[in-house]
Each structure stands twice: as C-alpha cells, then as structure tokens.
Amino acid sequence: MSEVFLQEQSYGKDRIRLVKVRVLLEGDFTAAYTKADNSLVIATDTMKNTVYILAKQSSNVQHIEVFATEIGQHFISTYSHVSKVNVWVTKHKWTRMLVNGNLHDHSFIRDGEDVRNTKVIMIKKAESKNTAVKIESGLKDLLVLKTTGSAFYGFLRDKYTTLTETDDRILSTSIDATWTFNTSNVSSISQIPYDDIFNSIRQITLDTFATDNSASVQATLYLMAKIVLEKFHEINSIHYELPNKHYFAYDLDRFGLKNSGKECDVYYPISDPAGLITATVARAEPKLRESDIHTENGDPIKAKL
C-alpha cells in the first residue's frame, strides 16, 4: 500500500448567529487527524464563544471588514500553532419601521434580500512576526429589472442559432459583486472607508444598470467595474456575476389578443436555462519607465517598453 499524507485541512464554526460569521482555522492540527490527538484542537464551541465575546467588546460589529479583522487577529495572535485564519461575515439589511410618519425605536423590517459580505484572510508569515492580510468585500443577490434600455444584436450566428436579435428587451438580473482591497500596506487597513465604499459601489451598480443603454450584459458589467476602479484607488480588482433573469412575452394571439411589439405588456418568467455573465476587472500594473530600470550597480538599462 502506498504511503498517504494529509495534504490539506481546516475546521471551524459556521453560521454563528450574530450578523452571520464563519471562522476556519489552519495550522498545526495534523495530529488530530492522523493520531487522534486533540491536544492542539481549539474547540469550535470555543470559537463560537470567542466571536460573541469579541462582538460584545468591539465597537466595530457594524463595520464588518474591521470586525472580521479583529476576529482573525485574535485567533492568529492567541494561538501560536494557528498559521492561517479565514473569516467570513454576512450582514443583512434591517431598517427601522416607519410608524405614523416616524421611525420606530425598536421595530425593524428586512429591507430587501440583498446582503453585504466580507472575507478576511490572515496568514502568519513564517520568516517574520508579521501577518499578511487579504480583504474581499461584496454584495450578493441584488435583484434588479428594467423594462427597456437593453438590446442584444450583432452576435455570431451559425446553423445552431435560433435566438432572434432585439433592440429593446426586458433586462433583469441578480447581481453579485466582489472587490479586493489593496492591503499591501497593513498599517493602512484600518483607515480604509469600507462602509462608504460599499454604499458607493452599490449605488454605482444600480445607477449604471438603470442608465446604460445596454448593448449587452457584458458591456454593462464592464462599465460598472470600470467606474468603480476609477473612483476607488483602494480597490485592486472587482468581480461581477450577472445571471440573466428571462421574461418573455406571453402568446395571446390564440385568444384574439395582441401582445407583441409596442402592445406587449404581459410577460412570464423563465428560470432555466439562463445565461450567466461574469468578469473580473483589475487595475493594470503601472508600466515601468525607462528611467526606472537599473542594474544592480545602479546603471540604467535601455529597454523598449
């Protein structure tokens, strides 16, 4: 029998009911798997309690990127055998109810099904006491629809193509977006305006969807991402997923009713199959100037860039 080894492992506590928190730890836990030795295992119940205690002590629970960083920092600094911490936080939207024209002091309503999320990864560098940090944030399930201002024509046609071209159609999608922050300077992580960036990206996404005279979902997606990267230097890249939510005109000709062209106002939804359009748009690495390129002794190198 060939020798086997534990190639990868992680464990943690999922769906901790606070906002919603998930923690996975990686490190020197091999003996728990291979030798049934639990001496270094941090119980997932301990993880749950830790998250609640940190939530009680922290002033940043509403700022999920900062709170996730605090959770990660706790585990990686408290336990020397933990080498990597993964923290996911999801935040649902709750808004105070409007009662008799005033915001109620203790009653809330779920304000839409879209959610805000973040993932923070903290890695202990073996060669130093420093910790590398990666922060991704995003929004999920932002359901949108517009009744005009969208077209799709000029696409490749062959013997298998049956889709008709259109210069006016309903466009609907459930938008997921994930953006990666520039965390190369660890000391500046706490200074990033995460909440403002989230609110602005959500609004950019909605505004672009509504106002772009869309030639395709691909073109609208790219425009959203381009505007985000032009506005926020703190972001290195942004990933969008826009699945099609199809609505087709219902055939009422058989009932003697016209429901096509400008007289079309009755539609029915089709869930499957549906197109899925995704893309990641990243900030280009700056090109080196000729004056920036030198040999080890400081002499300039002539290079064609």
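Is D272 buried or exposed? At 63% relative accessibility, D272 counts as exposed, where exposed means over 50% relative accessible area, buried under 20% and partly exposed in between, computed with a 1.4 Å probe on protein chains only. The structure is a predicted model, in which local features need pLDDT of at least 70 and side-chain atom pairs count only at pLDDT 80 or more, whereas totals for chains, interfaces and linings use all residues. Residues are numbered from 1 along each chain as its sequence is written, and side-chain values use heavy atoms, with hydrogens and water left out.

The protein has five helices and 12 strands; these are DSSP runs numbered from the N terminus, with helices (H or I) of at least four residues and strands (E) of at least two. Of the 305 residues in the protein, 34% are buried. Contact means heavy atoms within 4.5 Å, and among contacts between residues at least 6 apart in sequence, 60% join residues at least 24 apart.

D272 lies in the loop between β11 and β12 (276–282), and P273 is found in that loop as well. The peptide bond from D272 to P273 is cis, with omega near -10°. D272 and K245 are separated by 27 residues in sequence, and their C-alpha atoms are 8.9 Å apart in space.

Most residues other than glycine have a negative phi, and most peptide bonds are trans. N100, which is not a glycine, has a positive phi of about 55°. This residue, N100, is located in the loop between β4 (94–99) and β5 (102–110) and is exposed, with a relative accessible area of 76%. D141 is likewise not a glycine and has a positive phi of about 65°. D141 belongs to strand β7 (residues 131–146) and is partly exposed, at 34% relative accessible area.

The axes of helix α4 (residues 194–211) and helix α5 (residues 217–231) come within 9 Å and cross at roughly 145°. Axes are lines fitted to C-alpha atoms, for helices over the stretch in contact, and angles run from 0 to 180 degrees between N-to-C directions. From α4, the contact is made by S200, I201, I204, T205, T208 and F209, and from α5 by T220, L223, M224, I227, V228 and K231.

A pair of aromatic rings is described by the distance of the centres and the angle of the planes. Rings of Phe, Tyr and Trp (its six-membered ring) pair if their centres lie within 6.5 Å; planes under 30 degrees apart count as stacked, over 60 as edge-to-face and the rest as tilted. By this rule the count comes to six aromatic pairs. The rings of F152 and F155 have centres 4.7 Å apart and planes at 15°, so this pair is stacked. F152 counts as partly exposed at 24% relative accessibility, whereas F155 counts as buried at 16%. Y250 and Y268 form an edge-to-face pair, with 5.8 Å from centre to centre and 90° between the planes. Y250 lies in the loop between β10 (246–249) and β11 (267–270) and Y268 in strand β11, so the pair ties together parts that are 18 residues apart in sequence. Ring pairs link F248, Y250 and Y268 into a cluster.
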